[in-house]
Amino acid sequence: MPAVDEDLITRFKAMLDAPAPQGRQKEQVVQDFLEANTVLVPMTNLDHHGLHMRSIVSKFPLGTALTTDYAYLTKNSGRYLVTFVELEKPEKAIFTSDLDRPTFTAEFNGALAQIKQWQHYVDEHRAAVRESLAKLMRPMSGNKLMFAYQLIIGRSPTKNRSDAHKAMFVMEAERAGIEILTYDQLIDRYRTGPRCEKSIMVASRERFAFKHLAADVGDLLSYHGPDALKFSKEQRAELVSRGHEMDAWDNGETLSIEGKRVLRVDEEVAFFRDRVMDQIRGNEGAGAPE
């Protein structure tokens with residue numbers, strides 16, 4: 001796991017505090033920074049198999065009218081879980097200035113309403129949402145698919161004014177079924193780990209393309225073939241330089257050895273031969289029963 005980069009934290013805070021450049025929306029400035037520094041992207045809903053494909057999906061669409069800022073998958077032996085994430089402006093206040101009566105701002109309520117639209121859409125179109133993720137849900141494609149929602153908004157001082165403010169913040173998240181984080185909490189999570197670089201995917205017609213490839217793509221090419229994933233010429237050359245057998249992958253072969261190479265017949269025979277010999281040696285070492 002990489003060490004904490006204090007310079008990155010300083011640059012992140014400066015970006016959060018600065019106004020957006022003319023002609024740009026602050027939410028997109030924030031997303032661009034996170035996608036350029038994916039170690040800051042929080043992974044709060046990981047099952048024990050970790051981040052699926054070591055990737056997040058930027059601007060994942062829900063139907064034709066709704067678009068998340070990004071989504072990510074995780075899995076265990078019985079299910080896939082997809083988390084849909086909304087990024088709001090860091091300067092949006094969560095509570096009004098009334099210290100005696102904690103009251104959510106209209107901007108905060110509007111952000112929650114956005115995600116509630118997503119929840120309603122998913123409830124009404126579960127089969128369609130599953131189909132849009134189907135090529136990523138490998139292996140164990142028949143597993144149950146579940147959904148989670150995350151809102152990232154504002155700064156921590158606006159929610160930590162009193163114990164009553166904190167309690168109301170937590171209660172609202174539980175009531176809405178939405179995990180709510182501030183941008184300061186992203187920094188806290190980055191400091192405490194786990195810290196890992198992620199690849200960034202985008203839905204591209206019938207396949208998923210890549211805006212960014214992490215230095216280590218794990219078993220990305222072990223279960224997902226060219227029917228599901230699309231690489232630019234530059235990305236393909238980069239993968240070849242890292243030892244991935246891309247010609248074999250193009251032909252539909254599984255890169256099952258470290259996600260880089262095809263398991264060939266001679267290697268498979270040697271693997272099972274070594275296992276048998278280990279077992280024989282183990283039996284000889286045990287000796288005859290007394």
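**Close-up 1. Strand 7 beside strand 6.** In strand 7, the residue that bridges to Ile152 is Leu181, in a model that is predicted rather than determined by experiment. Strand 6 and strand 7 (residues 179–181) are paired in the parallel sense over three bridges, where pairing requires that DSSP finds at least two bridges between two strands. Strands (E, at least two residues) and helices (H or I, at least four) are DSSP runs, numbered from the N terminus. Ile152 of strand 6 is also the bridge partner of Leu87, and nine bridges join strand 5 to strand 6, the two running parallel. Seven of the nine residues of strand 6 (residues 144–152) are buried, so this strand is largely enclosed by the rest of the structure; buried means under 20% relative accessible area, exposed means over 50%, and partly exposed lies in between, for a 1.4 Å probe and protein chains only.

**How the model was read.** Residues are numbered from 1 along each chain as its sequence is written, and side-chain values use heavy atoms, with hydrogens and water left out. Because the model is predicted, local features need pLDDT of at least 70 and side-chain atom pairs count only at pLDDT 80 or more, while totals for chains, interfaces and linings use all residues.

Close-up 2. Eight of the 11 residues of helix 2 (residues 26–36) are buried, so the helix is largely enclosed by the rest of the structure. The buried residues are Lys26, Glu27, Val29, Val30, Gln31, Phe33, Leu34 and Glu35. Among the elements that cover them are helix 1 (6–17), strand 5 (79–87), helix 6 (183–192) and strand 9 (207–212), with contact meaning heavy atoms within 4.5 Å.

Close-up 3. A salt bridge places a side-chain nitrogen of Lys or Arg within 4 Å of a carboxyl oxygen of Asp or Glu, and the whole structure holds 17 of them. The side chains of Glu91 and Lys26 meet in one, at 3.7 Å from N to O, and this pair links distant parts of the chain, since Glu91 lies in the loop between strand 5 and helix 3 (106–124) and Lys26 in helix 2, 65 residues apart. Lys26 has 4% relative accessibility and therefore counts as buried. Glu35 forms a salt bridge with Lys211, with the closest N and O atoms 2.6 Å apart, and this pair joins helix 2 to strand 9 across 176 residues. Glu35 counts as buried because its relative accessibility is 10%, whereas Lys211, at 48%, counts as partly exposed.

Close-up 4. Arg236 forms a salt bridge with Asp250, the closest N and O atoms being 2.6 Å apart. Arg236 belongs to helix 8 (residues 233–241) and Asp250 to helix 9 (residues 246–250), 14 residues apart. Arg236 is partly exposed, with a relative accessible area of 25%, and Asp250 likewise counts as partly exposed, at 38%.

**Close-up 5. A network of salt bridges.** Asp17, Arg155 and Asp184 are linked together in a network of salt bridges.

**Close-up 6. The lining of the largest cavity.** The residues that line the largest cavity are His52, Met53, Ser55, Val57, Ala71, Tyr72, Leu73, Leu136 and Met201; a cavity is a set of points, on a 1 Å grid over the protein atoms alone, where a 1.4 Å probe fits but cannot get out, and lining residues have an atom within 4 Å of a point. Strand 4 gives the most to this lining, with three residues.

How values were computed: On a 1 Å grid over the protein atoms alone, a cavity is a set of points where a 1.4 Å probe fits but cannot get out, and a pocket is an open set with protein on both sides within 12 Å along at least five of seven lines; lining residues have an atom within 4 Å of a point.
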